[in-house]
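My entries follow in the order in which I checked things.

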Amino acid sequence: MKNSIIIAAREFKERIGARSFMIFSILGPLFILGLIYLLFTFGGNSKQKWNVLVADHGGLMQSKMMPTQDPSVVYSFYEGVITENEFAEAEKFQQYDALLEVNQKVLSNKVGFVFYRESPDLRMESRIKYHLERRLEEILIHRFGKISLKEYRKIKQPLTLKFANVYDPNNQSSDLAGWVGLFYGALIFAFIFLFGMTILRSVAKEKSNRIVEVLLASVSPKQMMFGKLIGIGFVAFVQFAFWLIIIGAGLYYMRENIFPDMLDAANLNAETLTIKAGEQSIAESHFAAREYNQFVELIYQRVQFVNMTSFFMLFFIIGYFFYGALFAAVGATTGSESDGQQFVLPLIFLLCFALFAGYYTLNYPESSLATFFHFLPFTSPVVVMVKLAQGYGEGESYQIYLALIILLISAITMLFIAARLYKNGILQFGHRVGFKHVFKWLKKV
Amino acid sequence: MLEVKNINKSFYRNEALSDLNLSVNKGEIFGLLGPNGAGKTTLIRIINRIIQQDSGSVRLEGNLMTNDDLAHIGYLPEERGLYKRMTVEKHAVFLGRLRGLSKKDIMIKLDYWFEKFNVNPWRNKRIEELSKGMAQKVQFICAVLHEPKLLILDEPFSGFDPINVELIKQELVEMRAAGKTIILSTHNMKSVEEICDRAALIHESKKIAEGSISELQSEYKSGLYSIRFRGSMIGFVNALWTGFELVDKEILGDDKFVAIVKMRRDNSFQDLLKVLIGQIEIEAAWEVLPSMQDVFIRKVSGDNSDLN
């Protein structure tokens, strides 16, 4: 173990001191921040004006919503039942962006449903909820009239408004949060590929310049491989920490200075509020404030960064060892550095396949193939990230730990297999690698 | 010191070592000779526990070797490399620590070796900035830094200029005097004659000879003697008469020669000296032994005839 640490320390120091490390540690996250900024500024602005059809079966709303018209939402009323399918398919409903379903039950259980065609941003959701809530207050007061509106607000229960995509009411397909998961998963694989290649090149180089024989006179091949994996892994970890800090600080800066949170009281401008107070309610003035596209909302409000980052770390570390061992084994089995490049192709294919599995899960999260990918160690780091961002169903969270355990066991197995290949391949020079060699070396103790 | 018994090693169907036995005594320089592909490097790797033998044993000071013994072995492989980006000092510290030395110890020893081998001006330079000879000195220093009891050198002189070859030879002789045991695998037969006490010859995975250098040479000696003398060559030939035969001669000056003589009948070296004394002025006389180069070639080619 001591020798592994010495080797790890050498790998770590050599790489951490390289100029390319600092460049990639700083420019990489700045580039990502730049992309995020562009996405925030120009990316897919969500619809600013919504046409909402209120299906008011019992005529509860009396074709009224707000006393003053909100310019960004126009309500139309339909006194009858409209199913989601009708709303989704029927020609006459295509002009509406969303269907707000209201019936007598809403008065007692305080649950309403909105079926949208395109996902509303959080502010639009708040708007509709706010409008409906106010209107229901009026109706209730009118019905049970012996109480003042002020007193009623003290005892009322909050309204829950459930939003669902009309084309996918059970919310099975992708949403933006899933993309964040895929981004995380892709980040894991980008790091694994980058540092996996570092491992491979480093092993192949040690073979080609023959330092390996000097080292092997003091350390076992297994110690050497572990040392290398740990050393380069630490480099990856430090690099990732740089990324996390820089991207985190950048997002915080953007939130504070470029895209402030309009719903946060601290960011309200008192003067503007006073002027507007005469014309509109305070809540309305919130809505009148500048609005952002769905990406801003996604990054700052929907994604559970702490949760995702913790699991990201776990899957990243174990996934790194799983793939890293594979890269080390390939490096050790190659006859020359250029030979190694050829053997990288199947590994690249494997990594691309994992990304595809993530994308597939994004689109078909409930499919059995997605479940298979979720547990398959080659793909689980990406797929779990996607699922994590989409959210696990109730009682499903054990799956994430199961995937983690499978990955861990696979990583340990892979380390043993790679150690054997490493041991038997590291002193073979100048041969052309074929699967015949690999199988021979695998069989050899 | 080191005993190798019945070692067998095959790489798949290729036999690399076959029932090989060797014994290296403490405090000697032992030459490991053999043509390329004979199995020398395989044997060295087995002794260094880099690869494992299929059967047989390696004992160091009477005990079966374990990984812990590696701390007492220094190894300079034939195909040796260094991390080009590391500085000389950092590289030596890295390899020294792998051999179990503390950083403090390493620094003290480095001061000594760098001074001795004149490496100090390059101490903080990167390996890639060094000349080949300087890099080889660094490699040698790294191999001996932990003061091993047994030093194994695979082709240590390749790539060195004659001055550095002498430097290394001198160092090996000093180490032998200090009681260290050295195994030297080389094709440089002149060095073998000069510094090795004993040697073994490996050919096609088998040991075909082992013994002291003079024993090995004696095996192929041809009964020739060299005489360096002053006087007349005619007088010299007349003195030989029918009991001896002049095989070759070399003129060193007007009246100075080296003659190579073969005995006839039962005449001995003593008889030769007797007939010559008084006829010429003998400066030196010695038995002509085959060079290790000749021994090597003849052993490998299976030629058992006398050298003529």
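I looked up A:K228 and found it buried, with a relative accessible area of 1%. Buried means under 20% relative accessible area, exposed over 50%, and partly exposed in between, with a 1.4 Å probe and protein chains only. The side chain of A:K228 meets that of A:E206 in a salt bridge, 2.8 Å from N to O. I take a salt bridge as a side-chain nitrogen of Lys or Arg within 4 Å of a carboxyl oxygen of Asp or Glu. The pair links distant parts of the chain: A:E206 sits in helix α7 (residues 176–208) of chain A and A:K228 in helix α9 (residues 221–258) of chain A, 22 residues apart. Helices (H or I, at least four residues) and strands (E, at least two) are DSSP runs, numbered from the N terminus. A:E206 counts as buried too, at 3% relative accessibility. Both residues belong to a salt-bridge network that also links A:R10, A:E11, A:E14 and A:R15.

I noted the ground rules next. This is a predicted model, in which local features need pLDDT of at least 70 and side-chain atom pairs count only at pLDDT 80 or more, while totals for chains, interfaces and linings use all residues. Residues are numbered from 1 along each chain as its sequence is written, chains are lettered from A and ligands numbered from 1 in the order in which they are written, and side-chain values use heavy atoms, with hydrogens and water left out.

How many salt bridges are there over all chains? The count comes to 31. I checked A:E138 with A:R135, where the closest N and O atoms are 2.8 Å apart. Both lie in helix α5 (residues 122–143) of chain A, 3 residues apart, about one turn of the helix. A:R135 is buried at 4% relative accessibility, whereas A:E138 is partly exposed at 34%.

In chain B I followed the salt bridge of B:R198 with B:E28, 3.1 Å from N to O. B:R198 lies in strand β9 of chain B and B:E28 in the loop between β2 (14–24) and β3 of chain B, so the pair ties together parts that are 170 residues apart in sequence. B:R198 is buried, with a relative accessible area of 15%. B:E28 is buried as well, at 6%.

I turned to helix α10 (residues 292–301) of chain B, where B:M292, B:V295, B:F296, B:R298 and B:K299 are buried. Their cover includes β3 (29–33), α6 (189–195), β9 (198–203), β10 (206–212) and α7 (213–218) of chain B. B:V300, in this helix, counts as partly exposed at 23% relative accessibility. Not counting residues up to four places away in sequence, B:V300 touches B:P35, B:L201, B:H203 and B:I208. Contact means heavy atoms within 4.5 Å. Just after α10(B), B:G302 takes a positive phi of about 75°.

A:H374 counts as buried at 1% relative accessibility. Its contacts beyond four places in sequence include A:S380, A:Y392 and A:A403.

Last, I checked chain A as a whole. Chain A has 18 helices and 5 strands. Of its 445 residues, 50% count as buried.
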